Amino acid sequence: MRSPMQYVRGVRHPEGYHGRGRTREYFEGWYIKLVSPDLTQRWALIPGIFRGDASAGSVDEAFIQVLDGVSGRSWYFAFPPDEFEADEGRMAVTIGGNRFDQSGVMLDLPMISGSLWYSSAIDPYPVTMRRPGIMGWYGYIPIMECFHGIVSFGHGLAGTLVIEDRLVEFTGGRGYIEKDWGTAFPQSYVWLASNHLSDRDGANIAGSLVASCAIIPGLGRTFRGSIVAIKYPDRLSTWATWNGSRDDELTIDDSHVRWRMHGPDGTLNLRAERTRGGLLHAPLRSAMHRRVEETLDATIEFEHIGRDGTTIAAGTAGCAGMEVFGDTARLMALRQ
């Protein structure tokens with residue numbers, strides 16, 4: 001079991017492993033997105049660990065999930081938990097013959113193998129004592145059901161992978177890394193992420209958009225919590241429950257997610273078209289269940305308006321990751 005000081009040190013390293021001493025009802029996973037320079041190859045790798053409750057018949061396991069974001073196919077590879085190793089102070093995860101760290105990935109799976117390295121430094125959400133990452137001060141609350149971290153808004157890729165016996169070039173492509181850990185995924189949530197932004201004329205915007213809202217239980221009341229950020233080369237803008245931002249609209253239907261919010265960094269309008277994706281396993285308290293549909297083929301329209309009314313950026317975010325899960329009617333109805 002971690003001491004209070006170890007816990008606080010761990011909070012300040014969202015990228016590191018948080019499960020030391022946890023033997024039941026715990027999961028941790030790193031989401032690693034790889035996109036080729038021509039955008040025709042879009043892959044997500046999710047290494048992680050799940051620890052269930054033996055009295056309930058659940059089985060501990062390490063895992064690596066693989067999602068083909070173009071076709072929607074997905075694979076789940078389970079490993080004995082003793083084949084999982086991870087560092088608490090940095091991103092460094094080894095599962096079997098596979099490694100994922102802050103310099104790149106090394107894969108030895110039946111349908112994907114090889115090595116990629118990151119040709120530019122990873123770009124995490126800033127961590128301070130008052131704000132240990134994108135969760136803000138909520139990151140210090142140990143009873144949170146699920147924690148979230150942005151390990152890299154974006155970085156360059158170099159190298160090749162052998163994917164189903166075909167050599168695929170990723171040099172010049174783009175990567176992204178985030179992670180989750182805790183006891184279980186939220187009961188209902190929306191998640192969007194893209195670091196392929198362009199303006200209304202189609203010109204590239206060097207930036208990254210990450211947006212998530214979820215049902216948050218166990219803090220005296222159940223509410224809708226949000227963490228949203230746009231990273232530009234010269235600024236980071238955040239809309240989050242912890243910094244006083246509020247939603248003006250959240251509408252989820254079968255075809256779109258429409259979300260408008262305001263906060264210290266102005267107003268952000270999002271409109272994302274829902275597209276079909278592949279099924280991924282996600283953690284409940286008892287087991288890893290195949291239940292979440294994810295795509296890497298969504299397109300998000302965005303508009304960021306400053307507090308003075310000027311448009312800071314507007315356009316589309318492509319090759320976007322998107323998940324919409326659970327009781328969305330309840331999610332929309334909950335107060336922040």
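Predicted model: local features only at pLDDT ≥ 70, side-chain atom pairs only at ≥ 80, totals over all residues.
Start by selecting Asp253: aspartate 253 is partly exposed, with a relative accessible area of 29% (buried means under 20%, exposed over 50%, partly exposed in between, using a 1.4 Å probe and protein chains only).

Residues are numbered from 1 along each chain as its sequence is written, and side-chain values use heavy atoms, with hydrogens and water left out.

How many salt bridges are there by this rule? The count comes to 14.

Next, pick Arg20 and Glu88. Their closest N and O atoms are 2.8 Å apart in a salt bridge. This pair links distant parts of the chain, 68 residues apart: arginine 20 is in the loop between α1 (4-11) and β1 (26-35), and glutamate 88 in the loop between β5 (84-86) and β6 (92-95). (Helices, H or I with at least four residues, and strands, E with at least two, are DSSP runs numbered from the N terminus.) Arginine 20 is partly exposed at 40% relative accessibility, and glutamate 88 is partly exposed at 32%.

Jump to Arg200 and Glu303, another salt bridge, with the closest N and O atoms 3.4 Å apart. Arginine 200 lies in the loop between β14 and β15 (204-205) and glutamate 303 in strand β23, so the pair ties together parts that are 103 residues apart in sequence. Arginine 200 is exposed, with a relative accessible area of 62%.

Last stop: His196. Where does histidine 196 sit? Look in the loop between β13 (189-194) and β14 (197-199). The side chain of histidine 196 makes a polar contact with the side chain of asparagine 195, at 3.2 Å (a pair of N or O atoms within 3.5 Å; within protein, one must be able to donate a hydrogen and the other to accept it, and residues adjacent in sequence count only if both atoms are side-chain atoms). Leaving aside neighbours within four places in sequence, histidine 196 is in contact (heavy atoms within 4.5 Å) with residues including Val35, Leu39, Arg174 and Cys319.

Note on methods:
Salt bridge = Lys/Arg side-chain N within 4 Å of Asp/Glu carboxyl O.
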